[in-house]
Amino acid sequence: MKGKAETGSGPSPAMQIDGFIEKFDPAVATLLRSARSILRKQFPTTIEQVYDNYNFLAIGFCTTERTSDCLVSLAANAKGVSLSFYYGASLPDPQGILEGSGNQNRFIRLESAETLTRPDVQALLTAAVANAKTVPPSTGAGYSMVKSVSAKQRPRRVASK
């Protein structure tokens, strides 16, 4: 995925995203980069929507530029990275691995990027695509876009004791 051309000057989406990830402790940054790489390969035609918000850095893999068309996202904070299913409450979860109790979103904490390759997680990723209102394009290349950056953010690194 290449960054979508943006009007005006300033850093490219790719450079911005690299900067957002660099704010994290090395272990979290490495996990985030690895998980992102796996999902980009699995969903090559999706639009990577990035939100560097107060609580989390969220990287969504969406079928359109509408956030509501997000299949899954990575959510990172100082404590680690989670795989979030935008419509997770409606997904079949026979293994009971999804966490959360909201009306819509469910997530899995990633111990490592290899978590994404487990059969039970792959089944959820497949179900998320099957459940999507808009399916990912079958051809073409996806791109990255930075949707929002919060001026005020929680620390991205664990405080030293």
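Modeller: A cavity here is a set of points on a 1 Å grid over the protein atoms alone, where a 1.4 Å probe fits but cannot get out. Points are joined across faces, edges and corners, and volume is the space filled by probe spheres set on them. This is a predicted model: local features need pLDDT of at least 70, side-chain atom pairs need 80 or more, and totals for chains, interfaces and linings use all residues. Residues are numbered from 1 along each chain as its sequence is written, and side-chain values use heavy atoms, leaving out hydrogens and water.

The largest cavity has a volume of about 100 Å³. Its lining (residues with an atom within 4 Å of a point) holds 15 residues. C70, L71, Y87, A128 and A132 lie nearest the centre. β4 (70-77) and α3 (119-131) each supply at least two lining residues. Strands are DSSP runs of E, at least two residues; helices are runs of H or I, at least four; both are numbered from the N terminus. By class, the lining has 8 nonpolar residues (Ala, Val, Leu, Ile, Met, Phe, Trp, Tyr, Cys, Pro), 2 charged (Asp, Glu, Lys, Arg) and 5 polar (the others, Gly among them).

As for confidence, the chain's mean pLDDT (the predictor's confidence in each residue, from 0 to 100) is 87. Of its residues, 88% reach 70 or more.

Methods
On a 1 Å grid over the protein atoms alone, a cavity is a set of points where a 1.4 Å probe fits but cannot get out, and a pocket is an open set with protein on both sides within 12 Å along at least five of seven lines; lining residues have an atom within 4 Å of a point.
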